[in-house]
Amino acid sequence: MSLLEVQHVKKYFPVRKGLLQREVARVHAVDDVSVSVQEGETLGLVGESGCGKSTLGRTIVRLLEPTDGEIVFEGRNISKLGAGKLRPLRREMQMVFQDPYASLNPRKRVGTIIGDPLEIHGIGDAKSRRARVQELLRTVGLSPEHYNRFPHEFSGGQRQRIGVARALALQPKLIIADEPVSALDVSIQSQILNLLGDLQEEFRLTYIFIAHDLGVVRHVSDRIAVMYLGKLVELSPAEELYERPIMPYTEALLSAVPIPDPDRAEARERIVLTGDVPSPIDPPSGCRFHPRCRYATEVCKQVEPPLTDYGNGHLAACHHPLNVDQATLERVRAAPESPAEADKSALPVDSSGPSNP
Amino acid sequence: MADERLLEVRGLKVQFATEDGVVHAVDGVDFALDRGKVLGIVGESGSGKSVTAMTILGLTRDVNTRFEGEVIYKDRNLLDLPENEMQQYRGAEIGMIFQDPMTSLNPVYRVGDQIVEAIQAHEPVDKRKARRRAVELLRQVGIPNPESRVDDYPHQFSGGMRQRAMIAMALSCNPDVLIADEPTTALDVTIQAQIIELIDQLKDDFNSAVILITHDLGVVAEIADDLLVMYAGRVVEHGGKRPLFYDPQHPYTWGLLGSIPRLDRPRSERLHTIEGSPPSLIRLPQGCKFRPRCPHAFEKCLEEPPLENRVETPGHLDRCWLTVEAKRAVRDETIEGGEPAAA
């Protein structure tokens with residue numbers, strides 16, 4: 001059984017204007033996303049800023065109320081639970097935030113920061129809590145003597161360790177890490193990534209790892225979900241996504257990652273996406289990626305491609321799938337709800353995709 | 001044609017007096033920049049790369065700052081210039097692109113007016129002419145529909161467009177040297193690729209030279225000609241891009257190369273890490289500044305190694321006592337990162 005099932009989750013934010021604060025529009029931050037997370041795995045969540053990856057993460061831990069859809073955690077639908085019933089659940093799901101400078105209260109001592117979750121949930125007495133916090137400090141590679149210090153006395157990497165210790169305090173099953181290393185220097189970044197890996201093994205943790213750095217995500221993830229403008233556009237086992245991306249957006253994202261090797265950097269063909277991500281208030285019709293896609297045809301403007309299973313746990317939503325062989329394509333086309341149903345004539349014949357200018 | 005030298009920095013040291021003591025932010029930086037070249041300066045936070053750039057522009061001048069060395073721009077030492085003369089260089093001859101396009105533009109002025117202001121500060125042109133030039137610049141940096149976007153406020157621009165507007169402003173007076181301090185750090189990879197390509201192309205269009213400051217080795221691998229690796233205010237390695245990537249000589253450079261999870265290599269089980277954190281710039285360690293974090297340190301490292309050419313390639317300098325053979329023997333393990341993951 002999956003630890004977490006996200007089913008058709010939507011999160012819209014109202015845009016209000018005028019004296020009466022009437023709702024004039026809606027930001028479609030997360031729009032009908034379904035994904036499941038198995039116990040002990042790491043699901044990477046990638047996409048550009050504004051694609052809804054952080055909103056999805058926050059909606060899963062119910063820091064945000066979903067507009068629609070279900071979040072099933074350990075077989076229980078938690079999408080409608082009130083604050084009181086949510087509290088015990090908070091022990092099971094914790095977050096590690098991006099900015100280690102902003103996510104720790106500067107007026108509190110480290111011991112209090114890490115110990116507060118224990119106190120809130122009434123675990124142990126003052127003495128045992130102190131011992132537990134000191135143990136946690138050691139677990140994340142800090143020293144128990146740091147108990148009485150303030151956050152400003154620590155470097156960025158050490159602060160992120162404190163953030164990790166706080167998330168671990170209640171022995172959660174699921175940790176949602178939202179860009180946990182993007183504010184850190186490379187040498188420190190690798191320390192935190194290794195730490196997260198060690199902790200996962202030690203405590204059998206399940207991670208949802210949100211990041212925009214595709215190198216980092218590949219390093220930590222078992223499976224990767226790619227989001228674009230609130231939609232899940234591709235979901236795949238990690239290595240497979242890098243070897244044969246199906247969705248052209250994923251292909252472009254991968255080709256934009258700078259390679260620290262001058263010869264290889266010069267040799268490869270880079271797909272530079274033109275323009276910016278469109279507004280999620282009024283997303284493009286059909287496939288949301290079509291205005292920036294180099295393979296886009298008429299069908300992409302009209303019909304939204306469904307998320308299609310190409311086998312091997314590799315799903316993608318695209319009318320012009322890349323890196324898919326003929327046999328798979330035919331099998332998928334025969335299946336109901338396939339892209340073929342949308343418009344047979346617009347489908348590419350060869351697996352490399354059509355060469356539309 | 002001989003390369004035209006535009007900028008030369010010699011023995012630059014910058015110290016800030018603070019309540020806690022003297023901060024040795026930059027402690028011995030030398031480099032030269034020729035027209036048409038891109039120099040990449042790589043290092044982590046606190047390595048002195050931004051202070052070096054800001055000092056070239058005269059932005060670190062203060063009663064509590066002490067300078068040593070020279071910043072020679074077209075035969076004049078910029079460090080000696082009085083502030084009013086420096087203003088003729090800053091912006092006009094040497095342009096700067098800052099890291100954060102969200103905070104570097106004034107939110108209450110129209111983008112076009114901010115570019116017009118930059119042009120008029122350095123050149124005696126009337127407002128209409130300056131505005132026409134602003135539109136042209138916005139077009140050159142790839143802002144769609146510049147005639148109307150010139151009247152937008154910064155908040156109406158996306159992050160990538162704001163960075164383009166910043167670049168347009170930096171280019172407004174046709175500078176010979178463009179300093180870009182982490183120009184893509186705040187941007188998404190797809191936008192980063194656009195901006196890097198833009199800087200590379202504009203360098204040729206405007207026939208200028210670029211100093212690109214970044215912590216991302218991937219970015220400099222794309223467009224730099226020469227590289228400078230900085231650590232604790234010092235240059236620890238300096239050379240051409242290829243020698244530096246394919247024959248790196250300093251253990252810190254190896255560590256940087258090994259710490260990045262790379263898409264062009266098999267996935268590793270664990271990442272290489274540089275243990276510990278960078279030293280305090282007030283109380284620097286004795287000898288080699290990287291010694292406390294260096295797995296290869298030995299007795300001699302208590303004495304600071306000079307920045308010298310130790311390899312066959314001329315112009316490839318490093319600051320490490322290990323013999324070249326010893327370095328080549330031990331470095332691969334670090335650079336390759338961790339062991340490849342089991343299938």
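A residue counts as buried if 20 or more other C-beta atoms lie within 10 Å of its own, as exposed if 12 or fewer do, and as partly exposed in between, with C-beta atoms placed from the backbone. The structure is a predicted model, in which local features need pLDDT of at least 70, side-chain atom pairs count only at pLDDT 80 or more, and totals for chains, interfaces and linings use all residues. Residues are numbered from 1 along each chain as its sequence is written, while chains are lettered from A and ligands numbered from 1 in the order in which they are written. Helices (H or I, at least four residues) and strands (E, at least two) are DSSP runs, numbered from the N terminus.

Strand β3 of chain B spans residues 38–42. In β3(B), 5 of the 5 residues are buried, so the strand is largely enclosed by the rest of the structure. Both of its faces are covered. V38(B), G40(B) and V42(B) are buried on one side, and L39(B) and I41(B) are buried on the other. Two strands pair if DSSP finds at least two bridges between them. β3(B) runs parallel to strand β8 (residues 209–214) of chain B, and 5 bridges join them. Within this pair, I213(B) of β8(B) stands opposite I41(B). β3(B) also pairs with strand β9 (residues 226–231) of chain B, in the parallel sense and over 4 bridges. Here L39(B) has D226(B) of β9(B) as its bridge partner.

Chain B also holds an open sheet of 4 strands with antiparallel pairing. The strand order is β2-β1-β4-β5. At the edges stand β2 (21–34) and β5 (76–77) of chain B. Each has a single partner strand, so one side of each is left without a neighbour in the sheet. Strand β1 (residues 5–18) of chain B and β2(B) run antiparallel and are joined by 11 bridges. In this pairing, F16(B) has V23(B) of β2(B) as its bridge partner.

The next results concern helix packing. Two packed helices are described by the angle between their axes and the distance between the axes. Axes are lines fitted to C-alpha atoms, for helices over the stretch in contact, and angles run from 0 to 180 degrees between N-to-C directions. Angles under 35 degrees count as roughly parallel, over 145 as roughly antiparallel, 65 to 115 as roughly perpendicular and the rest as oblique. In chain A, the axes of helix α5 (residues 156–168) and helix α6 (residues 186–203) come within 10 Å and cross at roughly 20°. α5(A) and α6(A) are therefore roughly parallel to each other. Their crossing is right-handed; a crossing is left-handed if the near helix is turned anticlockwise from the far one by less than a right angle, and right-handed if clockwise. On the α5(A) side, the contact is made by G156(A), G157(A), Q160(A), R161(A), V164(A) and L168(A). On the α6(A) side, it is made by I188(A), Q191(A), I192(A), L195(A) and L199(A). Two residues are in contact if their C-beta atoms, placed from the backbone, lie within 7 Å. By class, this contact has 6 nonpolar, 4 polar and 1 charged residues. Ala, Val, Leu, Ile, Met, Phe, Trp, Tyr, Cys and Pro count as nonpolar, Asp, Glu, Lys and Arg as charged, and the others, Gly among them, as polar.

Between the chains, 38 residues of chain A are in contact with 38 residues of chain B. α6(A) gives the most to the side of chain A that touches chain B, with 9 residues. That side divides into 18 nonpolar, 12 polar and 8 charged residues. The axes of α6(A) and helix α11 (residues 251–259) of chain B come within 9 Å and cross at roughly 50°. These two helices are therefore oblique to each other. α6(A) passes α11(B) in a left-handed crossing. V186(A), S187(A), Q189(A) and S190(A) of α6(A) meet G255(B), L256(B) and S259(B) of α11(B). The residues of this contact divide into 2 nonpolar, 5 polar and no charged.

Two single residues complete the account. I114(A) is found in helix α3 (residues 110–120) of chain A. I114(A) is buried, with 29 other C-beta atoms within 10 Å. Leaving aside neighbours within four places in sequence, the contacts of I114(A) include I162(A) and A165(A). G91(B) is found in the loop between α2 (83–89) and β6 (94–97) of chain B. G91(B) is partly exposed, with 19 other C-beta atoms within 10 Å.
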